[in-house]
Amino acid sequence: MREVSMAMGKTGLISNIQRYSLHDGPGIRTTVFMMGCPLRCAWCSNPEALTTERQLMIFEQKCTLCGECVKVEPSISLDGQLKVDRTKIQDIEALASSCPYDVFEIIGEKMSVDTLVKECLKDEPFYRQSGGGVTFCGGDPIVQADFLLDVTKKLREKGIHVALDTSGELPWQQWKYLANEVDLILYDLKFFDQQRHLQYTQSDTKYIFENLSHLAQLGKELHVRMVLVPGINDDLEDIQKRCELLRSSQVHVTRIDLLPYHELGKGKYARLGLPYPIKMEISCVSDIEAIARQVESYGFTVVR
Ligand code: SF4
């Protein structure tokens with residue numbers, strides 16, 4: 001997974017820009033979803049942003065079987081039902097624009113530094129009024145760290161607050177300048193337990209844990225985020241070890257967000273032609289209050 005880091009020069013690949021976000025840092029924010037991620041979390045709600053290649057979403061239920069797409073893309077068949085062999089698509093753009101009913105959506109837009117800065121600055125009045133700013137998430141934005149470093153510098157020259165939502169799972173060398181440049185880091189801590197981390201994210205914790213020490217040396221403010229998946233990573237023992245890790249690394253944590261698991265991204269997997277990774281049924285719910293008390297006992301401020 002580590003080879004995911006990308007040399008895209010001054011062009012970034014963005015899956016979505018969400019305006020008026022209220023949960024990705026202080027105030028009203030513009031959240032920019034970057035493509036590419038070193039992890040493969042079993043509960044990921046943004047599977048369209050996992051790789052640094054454009055993706056095709058297919059909204060099959062919108063199809064009227066009109067036949068327009070077949071004229072440009074011979075790999076499609078309409079035998080009473082839309083059938084697309086994704087491996088044989090020749091021209092994704094021609095296909096997407098052929099359909100009058102918006103059945104096809106291409107995810108992944110290339111943008112220059114200046115274009116993305118301009119997009120973000122459209123919301124500047126909201127940042128000023130609310131103490132908000134711009135948050136980069138994904139995927140994991142550190143995959144495109146070189147590009148975002150330039151974007152961040154330009155935003156901060158204009159006095160815009162910038163936050164980075166990351167797992168930290170790439171070598172420090174690859175994103176240290178970006179980490180230094182942003183105002184706030186939203187740091188995702190999914191497990192302390194190595195084996196479960198590997199099982200559910202297909203990656204170990206080496207860089208995630210190491211980078212906490214680097215962030216501590218920078219004195220960078222962190223909001224730690226813990227997505228709680230019932231029966232998978234919400235046990236008090238693992239939460240306790242994560243708190244101890246944060247304390248021992250001496251990183252500057254100003255709050256810990258407890259985020260309940262949801263399945264809002266499930267429909268995207270089908271539209272991307274991917275299986276949903278969590279095979280087991282999640283039937284129980286996390287005891288958020290007990291977890292919050294555990295985290296607060298380490299002196300952290302909890303937001304849930
Ligand atoms: S053009 Fe769109 S609506 Fe028509 S058959 Fe193709 S996918 Fe279906």
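Helices (H or I, at least four residues) and strands (E, at least two) are DSSP runs, numbered from the N terminus. The structure shown above is a predicted model, in which local features need pLDDT of at least 70 and side-chain atom pairs count only at pLDDT 80 or more, while totals for chains, interfaces and linings use all residues. Residues are numbered from 1 along each chain as its sequence is written, and side-chain values use heavy atoms, with hydrogens and water left out. In this model, G139 lies in the loop between β8 and α5, and the peptide bond that leads from G138 to G139 is cis, with omega near 20°.

**The ligand and its surroundings**

- The ligand is surrounded by 13 residues, of which the closest are C63, C66, G67, C69 and C99, where a residue is near a molecule if one of its heavy atoms lies within 4 Å of it.
- Sorted by class, this shell holds 10 nonpolar, 2 polar and 1 charged residues, given that Ala, Val, Leu, Ile, Met, Phe, Trp, Tyr, Cys and Pro count as nonpolar, Asp, Glu, Lys and Arg as charged, and the others, Gly among them, as polar.

**Tyrosine 269**

- Y269 is part of helix α10, which covers residues 266-272, and Y269 counts as buried because its relative accessibility is 4%, buried meaning under 20% relative accessible area, exposed over 50%, and partly exposed in between (1.4 Å probe, protein chains only).
- Not counting residues up to four places away in sequence, Y269 touches C44, P47, L274, P275, Y276 and P277, where contact means heavy atoms within 4.5 Å.
- A polar atom in the side chain of Y269 lies 2.7 Å from the backbone oxygen of C44.
- Although Y269 and N46 are 223 residues apart along the chain, their C-alpha atoms are separated by 8.9 Å.

**Phenylalanine 191 and threonine 205**

- F191 is located in the loop between β10 (184-188) and α7, and F191 counts as buried because its relative accessibility is 1%.
- Leaving out residues up to four places away in sequence, F191 touches a set of residues that includes W43, H197, Y200, T205, F209 and R242.
- From C-alpha to C-alpha, F191 and D146 are 28 Å apart in space, and in sequence they are 45 residues apart.
- T205 sits in the loop between α7 (194-201) and α8 (206-218), and T205 counts as buried because its relative accessibility is 1%.
- Apart from its neighbours within four places in sequence, T205 is in contact with F191, Q194 and H197.

**Helices α3 and α5**

- In helix α3, made up of residues 113-121, the residues V113, L116, V117, E119, C120 and L121 are buried.
- These buried residues of α3 pack against several elements, among them β1 (11-21), β2 (29-34), α4 (124-130) and α5 (145-157).
- T152 belongs to helix α5, and T152 counts as buried because its relative accessible area is 0%.
- When neighbours within four places in sequence are left aside, T152 is in contact with F136, V162, L178, E181 and V182.

**Positive phi angles**

- L65, found in the loop between β3 (55-58) and α1 (68-72), has a positive phi of about 60° although it is not a glycine, and L65 counts as partly exposed because its relative accessibility is 40%.
- Q250, which lies in the loop between α9 (236-249) and β12 (252-260), is a residue other than glycine with a positive phi near 60°, and Q250 counts as exposed because its relative accessibility is 67%.

Technical notes: Polar contact = N/O pair within 3.5 Å; in protein donor to acceptor, adjacent residues only side chain to side chain.
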